[in-house]
Amino acid sequence: MRRNPFGMDICCQKGSRSPLQELYNPTQLSNTAILHQIRRDQVTDTCRANSVSSRKRRVLTPNDLKHLVVDEDHEMIYCYVPKVACTNWKRVMMVLTGRGKYSNPMEIPANEAHVSSNLKTLNQYSIPEINHRLKNYMKFLFVREPFERLVSAYRNKFTQKYNTSFHKRYGTKIVRRQRKNATQEALRKGDDVKFEEFVAYLIDPHTQREEPFNEHWQTVYSLCHPCHIHYDLIGKYETLEEDSNYILQLAGVGNYLKFPTYAKSTRTTDEMTTEFFQNISSLHQTQLYEVYKLDFLMFNYSVPNYLKLE
């Protein structure tokens, strides 16, 4: 029996309600159900193996639950991870929680999906209400190969001219710390951060001491707390469509709601990621792998072939 952050015992119990019941007591055992059991076990085993080495496990506070989006009507909780189809999943959650306000996820503008007041998150509930939902709702998240996600975040936040808020907030700081003889313009604008400088910033111990990582490059482990919260389903970016539609089917909405399928032509690929890492020294690669190591292990991603670890 595990204890949840608020002191109540929660087990991966078989819920008496539809999505959980369908997941843990399926009418017929499918390969999909077995696959998701393997993914759950991988997380449990990684948490167990690493709890010995980690310092005393801290207790979660409601503030740690800001990424957990709640759907009361279908009794589901989705922990969103930026750069892992989270815009489309937030759109889907808006359809599910909108009580008829929306029917087609893709008709919801992307910026509207990120307006925090459009979705309710778990930290907005009282502690008894939080416990009830953690115990009885189906909880899921989506993950992606950690370095591909990181390159995707870098490309989106530091190479697009329109992201001036990121350039000002993070770019100027990265240039100041990581670039020798930076020009006054670069120090002022922060809009030309190189990937090598971004990596150097991430592995700099000063960065982590100063403030938590931004959610776009924070580890899944730190955003969703999978060692404290028992996730019933772990979807993967690599099998996004199948995993998403399986969740919608468990929620009983699969007949009228499908996950948006359009493919982005600008999507960050494995080949692109390989290219970005060519200029990173083996020392920096090794240090960066250490930062994201738990995400690699927990979600069963192997060490990329292109890495030259020391």
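**Where the domains meet**

Analyst: Between them, domain 1 and domain 2 bury about 1600 Å², 60% of it on carbon and sulfur atoms; buried area here is the accessible area (1.4 Å probe) that two parts lose on being put together, summed over both. Before going on: this is a predicted model, where local features need pLDDT of at least 70 and side-chain atom pairs count only at pLDDT 80 or more, while totals for chains, interfaces and linings use all residues. Residues are numbered from 1 along each chain as its sequence is written, and side-chain values use heavy atoms, with hydrogens and water left out.

Now the layout. Domain 1 covers 19-145 + 221-251, and domain 2 covers 147-216 + 268-299, with bounds that come from an automatic or database domain assignment. Their C-alpha centres lie 27 Å apart. Domain 1 brings 21 residues to the contact and domain 2 brings 15, contact meaning heavy atoms within 4.5 Å.

On the domain 1 side, K83, R144 and E145 are the trio to look at: they supply 38% of the area that domain 1 buries against domain 2, more than any other three residues. R144 also pairs up with E148 in a salt bridge, the closest N and O atoms being 3.1 Å apart. The count of salt bridges between the two domains is one, using a side-chain nitrogen of Lys or Arg within 4 Å of a carboxyl oxygen of Asp or Glu as the rule.

As for which elements do the touching, α2 (31-51), α11 (220-224) and β7 (233-236) each supply at least two residues of the domain 1 side. Of the elements there, α2 gives the most, with five residues. Helices (H or I, at least four residues) and strands (E, at least two) are DSSP runs, numbered from the N terminus.

By residue type, the side of domain 1 that touches domain 2 splits into 13 nonpolar, four polar and four charged. In that scheme Ala, Val, Leu, Ile, Met, Phe, Trp, Tyr, Cys and Pro are nonpolar, Asp, Glu, Lys and Arg are charged, and the others, Gly among them, are polar.
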